[in-house]
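Q: Please take a close look at the nonpolar core of this model and the aromatic pairs.

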Amino acid sequence: MAKRNNLLIVILTLGTFGIINTEMGIIGILPSIANHFDVSVSKAGLLVSVFALTVSICGLIMPLLFSGVNRKKAMLLVLGIFILSNIVSLFATNFTIAVLARVIPAIFHPIYFSAAFTVAANLVHKEEAPKAVAKVLMGVSAGMVLGVPIASLLASTVSLQIAMLFFAIVNAIVFIATLVFFPSMPVKERLSYGAQVSVLKKIPTLLSIVTVLLINSSIFGVYSYLAEYLRTITHISGKSISVMLVLFGGANIIGNIVAGKLLTKDAIKSIVSFPFVLGFVYIILFLIGQFTLPMAIMTLVWGILAGIGNNINQYWITSAAPEAPDFANGLFVTSANLGTTMGTAVGGLFISGLGTQYILLVGVLSLLLSLPFILLRNYMYNPIKQLSK
């Protein structure tokens, strides 16, 4: 049983990798896409921003609508849609069709993530759930760190079509593995839509949503401009910047492993200390920005903390609403994406108003704002006590 459950968690991890790979991998081939459709790179960027915006909106709706559907069937449906959409993108000759081929899978994106996190948590004992979810979240980190360079390499050395085919192949492998190895997973105790949405009336849930918005704003408000920071402040070459970005992504994967252990051992202590530790790292980055080797070392540390932060976000929201896990995971997806959008927008304002170096202030300020929400939530509500009931 344990071996089978471990295999299922590996498949779920590969599934999140495939879906994030489809979402983020496109970043690495935007110039090729712009050239293929004869549009500007900024217009080609719609394939990224429209996808993220659609996920943010549908994260609240789709997991709720599918909360009563057999989870194996739901995951197969999403994977099938991603495969078909990737194939359409592969043969698209019109940019509008290419955009639609991104919007449609983005609508179903939150369903897979919500189901994957819920299934992973249910495959192990309650106290081991954070570790299981952390393993699935490794797929997200791997998709971010590997998807972009692999797609870029395939587009530049072979063709844009082969890069797009890569997305379809990964999702097809997961589809087959899910079909063969997963048992039927009917939802035995389905809550009504009203009961699930009612978790939004709970103060701890609202406090958790704000916390996730601010933590993701802190992480991605800075990370979104890391390449620019390394170029203008650290003054390193384009190849060295790529190495730094891969270093950050690899460290993110390590962070997922560390987070699973921390949240299992002492979730509250880990979460309360997180803003202080990450804030300290941002201050160090601000002070040593012009030095290449110290920046590389601190980027590694920062990447580990970013991976931990992603796990904290998922745990913090789902532990506030354990009675509605699918909807809570949908809330996590929406809050995380909105936090990323918010942080990136504020970061742009800081860069234009103060300069690139001060992008780190976005990270520090977001963390400072998150702290009272974390402490208030912790004071009012202990997730460990709730989960043990």
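A: A nonpolar core is a set of buried Ala, Val, Leu, Ile, Met, Phe, Trp, Tyr and Cys residues joined through side-chain atoms within 4.5 Å. Buried means under 20% relative accessible area, exposed over 50%, partly exposed in between (1.4 Å probe, protein chains only). This is a predicted model: local features need pLDDT of at least 70, side-chain atom pairs count only at pLDDT 80 or more, and totals for chains, interfaces and linings use all residues. Residues are numbered from 1 along each chain as its sequence is written, and side-chain values use heavy atoms, without hydrogens and water.

The largest nonpolar core has 49 residues; Leu-12, Tyr-112 and Phe-182 touch the most other members. Several helices give two or more residues to this core, including H1 (2-24), H6 (95-122) and H14 (325-354). Helices (H or I, at least four residues) are DSSP runs, numbered from the N terminus. H6 gives the most, 10 residues.

Now the rings. The structure holds 10 aromatic pairs. Rings of Phe, Tyr and Trp (its six-membered ring) pair if their centres lie within 6.5 Å; planes under 30 degrees apart count as stacked, over 60 as edge-to-face and the rest as tilted. Phe-117 and Phe-332 have ring centres 5.8 Å apart and planes at 65°, so they are edge-to-face. Phe-117 lies in H6 and Phe-332 in H14, 215 residues apart. Phe-117 is buried at 1% relative accessibility; Phe-332 is buried at 5%.
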